[in-house]
Amino acid sequence: MTKHNHTTYAILGLLTIGCHSGYAIKQMIDQSLNHFWKVSYGQIYPTLKKLVADGLATVQESSQEGTPDKKEYFITAKGKTALLEWLQSPVGDIPVEKNDVLLKVFFSRHQPHDKTIAHLKKYRQKLQERYQTYEAIEEMITSNLHNEDDAPYWLFTLNYGKRMTAAAIDWCSDTVREINDWEE
């Protein structure tokens, strides 16, 4: 069987929850997966084309008046098997986070403390905004999507994001406090 990347499995998974067009897939990525898995718009259609070529999905075209034909994609039995095999495969290495704030803090002895503190405070503000977004998503899932079979798993994933974000907010506050203590 052809080796596939994780984005392939992300799109296969989205096909299982009713995202059948490239547009619907992009919308779901922007609203949910993008918080922990980045997929560019330019990756979606080539991946869908490869899924069809590999027999993991099918495509149905329907005519639309005044607009290009609509393509809808559906996961095949072979695609479900591939998704299940990937889901059950061992977890790989812990991914390395690229974080420019951490990179700047790492080298911050070369700048005044107030600049480092300003970076940390701005980062904390953005994290707090992200946390509020996660809370809004949680409210939407628990209020509107609680009957979805996938809802508990969406909430598990969201809980991870909330916990990691809360920990990063705490880290920012603690680091600012420590830097301020140096100045006393």
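Predicted model: local features only at pLDDT ≥ 70, side-chain atom pairs only at ≥ 80, totals over all residues.
How are H2 and H3 oriented to each other?

**View 1. The buried residues of helix H2.** Helix H2 spans residues 22-31, and its buried residues are Gly22, Ile25, Lys26, Met28 and Ile29. Around the helix axis they cover an arc of only 165°, which puts them on the same side of H2. Have a look at their partners too: the buried residues of H2 pack against helix H1 (6-16), helix H3 (41-53) and helix H7 (151-182).

**View 2. Helix H2 crossing helix H3.** Here is the pair from our opening question. The axes of H2 and H3 cross at roughly 135° and come within 10 Å. With angles over 145 degrees counted as roughly antiparallel and 65 to 115 as roughly perpendicular, H2 and H3 are therefore oblique to each other. The crossing in which H2 passes H3 is right-handed. On the H2 side, the contact is made by Gly22, Tyr23, Ile25, Lys26 and Ile29, and on the H3 side by Tyr41, Ile44, Tyr45 and Leu48. Seven residues of this contact between H2 and H3 are nonpolar, one is polar and one is charged.

**View 3. Helix H6 packed with helix H7.** Helix H6 covers residues 113-144, and the axes of H6 and H7 lie 9 Å apart at an angle of about 160°. H6 passes H7 in a crossing that is left-handed. The residues of the contact of H6 with H7 comprise 20 nonpolar, nine polar and six charged ones.

Note on methods:
Residues numbered from 1 in each chain as written. Heavy atoms only, no water. Buried < 20%, exposed > 50% of the residue type's maximum accessible area, 1.4 Å probe, protein only. Helix = DSSP H or I, 4+ residues; strand = E, 2+ residues; numbered from the N terminus. Arc of directions from axis to C-beta. Contact = heavy atoms within 4.5 Å. Axes fitted to C-alpha atoms, helices over the stretch in contact; angles between N-to-C directions. Parallel < 35°, antiparallel > 145°, perpendicular 65-115°, else oblique. Left-handed = near helix turned anticlockwise from the far one by under 90°. Nonpolar A, V, L, I, M, F, W, Y, C, P; charged D, E, K, R; others polar.
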